[in-house]
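Visitor: Can you walk me through this one? I'll ask as I go.

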Amino acid sequence: MAKDGSEQGSGTMGINTRLAHSGNNPHDYFGFVNPPIVHASTVLFPNASVMAARSQKYTYGTRGTPTTDALAHAIDALEGSAGTIAVPSGLAAVTVPLLAFVSAGDHLLIVDSVYHPTRNFADTMLKRLGVEVEYYAPNIGAGIATLIKPNTKVVFTESPASNTFEVQDIPAIAKAAHAAGAIVMMDNTWATPLYFRPLDHGVDISIHAATKYPAGHSDVLLGTVSANEACWGQLYESFCTLGCCAGPDDVYQVLRGLRTMGVRLDRHQRSALAIASWLEGEEGVARVLHPALPSHPDHDLWKRDFRGSSGIFSIVLAGGGQHEQHAFLDALRIFGLGYSWGGYESLAVPVWLGDRVVAKGPYEGPLIRLQIGLEDVDDLKADIRSGLAAAARAG
Ligand SMILES: Cc1ncc(COP(=O)(O)O)c(C=O)c1O
């Protein structure tokens with residue numbers, strides 16, 4: 001970090017130093033540490049010729065502002081990307097790049113363990129628009145080559161898997177996709193760019209629900225999409241065409257969240273791992289689905305590619321069904337029952353695998369996904385113990 005606040009040479013610095021200083025240059029705004037929140041539709045031009053040529057940095061609110069640029073630059077520095085767009089939700093961060101890169105008659109490969117609303121978008125809107133959608137097993141690796149057709153445009157990945165946490169061999173998938181002229185997108189929300197940098201592993205477009213760890217407080221919806229040089233132009237123009245820009249207050253909140261994301265994630269990681277490994281020895285738990293545990297079938301792949309693990313994983317109860325699953329959830333007092341994750345508080349949800357076509361298990365019993373928040377580990381363990389006892393009583 002240079003004295004003037006620029007990011008020159010910051011690539012060699014530690015992650016928390018970079019998170020504290022990336023994005024904006026305080027000296028652009030009279031030394032104020034944080035960038036302004038620019039509420040903007042209209043941007044004025046100094047004269048007609050500049051207006052006609054649109055030859056100034058900002059031209060209209062939908063196309064970018066100093067606030068969105070600050071976040072985009074911070075994310076680019078983390079992702080190693082050529083450009084980043086900010087959109088109003090994590091789901092929009094999935095739909096906008098897919099709309100940008102697939103057309104009628106194209107074939108789209110999506111991992112079967114994908115976030116359910118991604119599947120819903122593909123199965124409804126994309127199919128209606130004439131896109132051929134096919135699902136593949138999360139452990140397919142280089143075998144993806146056998147599913148690629150001449151019209152395959154995009155291979156969509158998400159790793160680890162939503163709810164079941166299989167790890168994909170992203171470099172092998174990217175190699176096969178690129179050999180056939182397809183691009184690779186990855187929903188990297190679980191790891192954040194701190195623990196996995198998709199573009200370093202051959203991914204072309206990295207997607208984040210910034211709603212989760214970047215925002216970190218369960219009070220903001222936002223998505224970011226970061227592209228390499230080859231895909232950036234098409235992504236940015238499609239984003240402008242769709243008018244799918246995020247509001248400045250939400251963008252600012254996510255930039256604010258990034259400053260503490262490293263320390264928060266470190267705590268989420270440690271607590272989740274402590275609880276996950278403790279749960280492996282608890283009665284009533286058949287399996288813990290957490291890729292950073294040595295017992296996880298994809299642990300070696302996770303170790304090869306990831307720099308850390310975040311705060312969500314699932315447990316498989318030792319037998320039973322929905323009755324036991326609900327008994328566990330209803331006994332919890334600290335864990336809230338709520339979707340989303342990545343905030344400071346612990347959450348639990350029942351896992352439903354009814355939409356899957358290949359990655360269905362088998363599992364020994366019902367699955368429960370836990371998001372481990374920033375609370376004290378002993379309190380969380382006590383809460384989970386009550387859940388397990390209630391599930392055992394229900395059996
Ligand atoms: C993996 C993943 N991607 C995308 C999203 C969508 O994020 P948002 O809730 O901001 O739409 C979620 C939300 O749970 C998610 O878990």
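Visitor: Where is P362 found?

Guide: P362 sits in the loop between strand 11 (347–350) and strand 12 (367–371). Strands here are DSSP runs of E with at least two residues, helices are runs of H or I with at least four, and both are numbered from the N terminus. The model is predicted, so local features need pLDDT of at least 70 and side-chain atom pairs count only at pLDDT 80 or more, while totals for chains, interfaces and linings use all residues. Residues are numbered from 1 along each chain as its sequence is written, and side-chain values use heavy atoms, with hydrogens and water left out.

Visitor: What joins G361 and P362?

Guide: A cis peptide bond, with omega about 20°. Another cis bond joins S159 and P160, where omega is about -5°. P160 lies in the loop between strand 4 (152–158) and helix 6 (170–179).

Visitor: And T192, what is its phi?

Guide: Positive, about 60°, although T192 is not a glycine. T192 is in helix 7 (residues 192–195). Most residues other than glycine have a negative phi, and most peptide bonds are trans.

Visitor: Switching to the ligand. Which residues surround it?

Guide: S89, G90, L91, Y115, E158, D187, T189, A209, T211, K212, L221 and W341. The criterion is a heavy atom of the residue within 4 Å of the molecule.

Visitor: How much of the ligand's area does the protein cover?

Guide: 90% of the 380 Å² of accessible area that the ligand has on its own. Accessible areas come from the Shrake-Rupley method with a 1.4 Å probe; for residues, only the protein chains shown count as cover.

Visitor: Now helices. At what angle do helix 3 and helix 9 pack?

Guide: Helix 3 (residues 66–79) and helix 9 (residues 248–280) pack at about 35°, with axes 9 Å apart. Axes are lines fitted to C-alpha atoms, for helices over the stretch in contact, and angles run from 0 to 180 degrees between N-to-C directions.

Visitor: Which residues make that contact, helix 3 with helix 9?

Guide: T67, T68, A70, L71, A74, I75 and L78 of helix 3, and P248, V251, Y252, V254, L255 and L258 of helix 9. Contact means heavy atoms within 4.5 Å. By class they are 11 nonpolar, 2 polar and no charged. Ala, Val, Leu, Ile, Met, Phe, Trp, Tyr, Cys and Pro count as nonpolar, Asp, Glu, Lys and Arg as charged, and the others, Gly among them, as polar.

Visitor: What about helix 9 and helix 12, how do they cross?

Guide: At roughly 35°, with the axes coming within 11 Å. S271, A274, I275, W278 and L279 in helix 9 meet V377, L380, K381, I384, R385 and L388 in helix 12. That contact has 8 nonpolar, 1 polar and 2 charged residues.

Visitor: And at what angle do helix 11 and helix 12 cross?

Guide: Helix 11 (residues 322–331) and helix 12 (residues 377–394) cross at roughly 145°, and their axes come within 7 Å.
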